[in-house]
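Here is a brief report on a single chain. Look at the sequence and the coordinates first.

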Amino acid sequence: MMVEPHKHCPVCGNPIPLDERTCSKKCAEVLLKNQQRVMRTRLIFYIVLIIFIVVWLFVVLRK
């Protein structure tokens, strides 16, 4: 028994054709919102990291 080549929807796991990203508009919206949340979280992390480094350098170089 041969299974047709496919991949799975990253949101719900349903089988989808190889050329599709998601199985439905609803899953596409959920995927986009998740990607935007991840990007926002990364941006906040990098900003906090840069602030920490700048403050640390200020304290270290002040002595």
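Predicted model: local features only at pLDDT ≥ 70, side-chain atom pairs only at ≥ 80, totals over all residues.

Residues are numbered from 1 along each chain as its sequence is written, and side-chain values use heavy atoms, without hydrogens and water.

**Overall form.** The protein has one helix and two strands, in the order β-β-α from the N terminus. Helices (H or I, at least four residues) and strands (E, at least two) are DSSP runs. The C-alpha atoms fill a box of roughly 75 × 25 × 15 Å along the principal axes. Of the 63 residues, 8% count as buried. Buried means under 20% relative accessible area, exposed over 50%, partly exposed in between (1.4 Å probe, protein chains only).

**Thr22.** Thr22 sits in the loop between β2 (15-16) and α1 (25-62). Thr22 is buried, at 11% relative accessible area. Beyond its neighbours within four places in sequence, Thr22 is in contact (heavy atoms within 4.5 Å) with Cys9, Pro10, Ile16, Cys27, Ala28 and Leu31.

**Cysteines.** A disulfide is a pair of cysteine sulfur atoms within 2.5 Å. The count by this rule is zero.

| Cysteine | Nearest cysteine sulfur | Distance |
|---|---|---|
| Cys12 | Cys23 | 3.4 Å |
| Cys23 | Cys12 | 3.4 Å |

Cys12 is partly exposed, at 38% relative accessible area. Cys23 is also partly exposed, at 36%.
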